[in-house]
Amino acid sequence: MAATIHKHCKLGEISKILFLSQGRSGFSNVSCGSVTVRQYSNISKDKKEIIAEGPGLEDFIAGNIPDYDGEGSIKRIKGERLRLPEWLKTEIPVGKNYIALKQSLKKLNLHTVCEEAKCPNIGECWGGGEHATATATIMVLGDQCTRGCRFCSVKTARNPPPPDPMEPVNTATAISEWGLDYVVLTSVDRDDLPDGGAAHFAQTVREIKSRSPHILVECLTPDFRGDMEAVTVVADSGLDVYAHNVETVESLQWLVRDPRANYHQSLSVLKHVKSRYPKMVTKTSIMLGLGETDDQIMKTLEDLRMIDVDCLTLGQYMQPTKRHLKVKEYVHPDKFDYWQQIGDKLGFVYTASGPLVRSSYKAGEFFLKNLLEKRKSES
């Protein structure tokens, strides 16, 4: 059923009505005077290409960047192409550790979000980095997601292949061979499975712990469609850190994420874990540069502290391909520093904030390892 908006409505009010009109199957047509605002999935292919015009991964790799005077963020001007600033330039991944880890993953038919999501930190993490330990975030449940978020470059499918029954064992085998002391497990969304893949996720954790009890395990999970029984299955698996990302501020959820995901559903996952295991470390991540305001970011941080989320990461959204959502702003590093200070003042145990920070970030994992060991020694 179409929702009618008065012809004198302001743009912000229209956005609010669009957000409130969201349903599990997407948006209805919304009328504003004689203009109809349509759901993104109903727009023609040609128009989607126009909407998606912007810098792609090739610009990032080539270091194709603008001249920058160091004053403030870089915002997109209508009709102009936003190019990458100097502070987002990274090295092309090379090195023995990087090559060895890549070969090991291929041999065991394992996937990483580092590769699938085109993470800019892959060279640092896989190559050893500051702490001389190669780290990768393993992606279980295959490499095809049943959702289609507009920020993510992971492959999508309505009916992905069934999970590999050997994946939990292969994952544990690989991790034990790498000699890690902290590992992050994540996954695609598997809405096609009755439990969303929760049992498979939990089995992977148990396999790792059985082979290497000393390894600390972080699980970055989907929302399991809001099924708290599935969330509990993962939380009960023996993991050390439970992570789930809210991704963006509340008002941009409909634009950035798949319609099956939403802000309050994500908050409920984190709240449920903390209520079941008060001492378990909970963690989430937010992307900046999608058009959010400072007030919206602050409200998100306050909401997260209200449910006692421990750790927060904030990083720059970067358009993985020209088919994905455009960057509205390249946020200056000084602004990221500001949000880190705000996070600390609000009471997050750990706030990682920077242009290249991601939810699974090497420096953060190093901190969490020490935090968990300290908490275990005190208990």
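I count a residue as buried when its relative accessible area is under 20%, and as exposed when that area is over 50%. I am working on a predicted model.

I began with the UniProt record, an unreviewed entry, whose "binding site" annotation covers Cys145, Cys149 and Cys152. I found Cys145 in strand S7 (residues 144-145). Its relative accessibility is 10%, so Cys145 counts as buried. Leaving out residues up to four places away in sequence, I see Cys145 touching Val154, Lys155, Thr156, Ala157, Val188 and Asp189.

Cys149 lies in the loop between S7 and strand S8 (155-156). Cys149 is buried too, because its 19% relative accessible area falls under the 20% cut-off. Beyond its neighbours within four places in sequence, Cys149 contacts Val256, Arg257 and Asp258.

**Nonpolar cores.** Next I checked the largest core, which has 31 residues; Leu288, Leu301, Leu304 and Leu314 touch the most other members. Among the elements that each supply at least two residues of this core are helix H12 (294-306) and strand S13 (311-316). I also noted a second, separate core of 30 residues, with Phe224 and Leu239 among them.

I then followed Leu301: apart from neighbours within four places in sequence, its contacts include Ile286, Leu314, Trp339 and Phe348.

**Rings.** How many aromatic pairs does the structure hold? I found 1. The ring centres of Tyr338 and Trp339 are 5.0 Å apart and their planes meet at 70°, so I logged the pair as edge-to-face. Trp339 is buried at 1% relative accessible area, whereas Tyr338 is partly exposed at 35%. Last entry: the charged end of Arg305 sits over the ring of Phe348, 5.4 Å from its centre.

Definitions and conventions: Residues numbered from 1 in each chain as written. Predicted model: local features only at pLDDT ≥ 70, side-chain atom pairs only at ≥ 80, totals over all residues. Heavy atoms only, no water. Phe/Tyr/Trp six-rings, centres within 6.5 Å; stacked < 30°, edge-to-face > 60°. Buried < 20%, exposed > 50% of the residue type's maximum accessible area, 1.4 Å probe, protein only. Lys NZ or Arg CZ within 6 Å of the ring centre and 35° of its normal. Core = buried A, V, L, I, M, F, W, Y, C linked by side-chain atoms within 4.5 Å. Helix = DSSP H or I, 4+ residues; strand = E, 2+ residues; numbered from the N terminus. Contact = heavy atoms within 4.5 Å. UniProt positions renumbered as here; feature names shortened; annotations may be inferred.
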